[in-house]
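Please look through the sequence and the model shown here.

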Amino acid sequence: MAASDVAQLKSAREDIKEILQTTYCHPILVLKLSVMFQVRFGWHDSGTYDKNIEEWPQRGGADGSLRFDPELSHGANAGLTNALKLIQPIKDKYPGITYADLFELASATAIEEADGPKLPMKYGRVDITAPEQCPPEGRLPDVGPRIPAEHLRDVFYRMGLDDKEIVALSGAHTLGR
């Protein structure tokens, strides 16, 4: 599927709002669905991006790969099966939406519903189709690295972020605490 159905995206957004109001899962939806639950889910799906790899899907990014066990089992993705369980019924209801777009829609909606800014979003992300296409472990930050600043720079410079952007992104982890 190359693009998500616009009408289904609008309806799915309302369903996501309902989930947020009844389960208080903002954090997990923001960071890859990714506020900590849905926010986290959205970030972790896209956070595997590597600007130095030209071929898709090897370069990672928001490609819906987080729905497959090989990526869900990465250490940095611990607990995100719960986000997938919340989102899967919406995906089942709206088959005209790619997982990649749905994950990012849920993340942006979670931020907005937590009184954050309305994020300008563009849809049309393409899903990978098989677990073998998942990015390798190690593209997301580790918990408790030996040299934290160096580790964060290794991870986020790969994505094209600078130190200021790394600090802003790292601060988002406090949202769920």
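How many helices and how many strands does the protein have? The protein has 8 helices and 0 strands, where helices (H or I, at least four residues) and strands (E, at least two) are DSSP runs numbered from the N terminus. This is a predicted model, in which local features need pLDDT of at least 70 and side-chain atom pairs count only at pLDDT 80 or more, while totals for chains, interfaces and linings use all residues. Residues are numbered from 1 along each chain as its sequence is written, and side-chain values use heavy atoms, with hydrogens and water left out. Of the 177 residues, 47% count as buried (buried is under 20% relative accessible area, exposed over 50%, partly exposed in between, with a 1.4 Å probe and protein chains only).

Two packed helices are described by the angle and the distance between their axes. For helix 5 (residues 81-93) and helix 6, the axes come within 11 Å and cross at roughly 120°; axes are lines fitted to C-alpha atoms over the stretch in contact, and angles run from 0 to 180 degrees between N-to-C directions. Leu84, Ile87, Gln88, Ile90 and Lys91 of helix 5 make the contact with Tyr99, Leu102, Phe103 and Ala106 of helix 6 (contact means heavy atoms within 4.5 Å).

Pro141 is listed by UniProt under "binding site", in an unreviewed entry; such annotations may be inferred rather than shown by experiment. Proline 141 lies in the loop between helix 6 (99-113) and helix 7 (148-157). With a relative accessible area of 22%, proline 141 is partly exposed. Not counting residues up to four places away in sequence, proline 141 touches Ala76, His151, Leu152, Val155 and Phe156.
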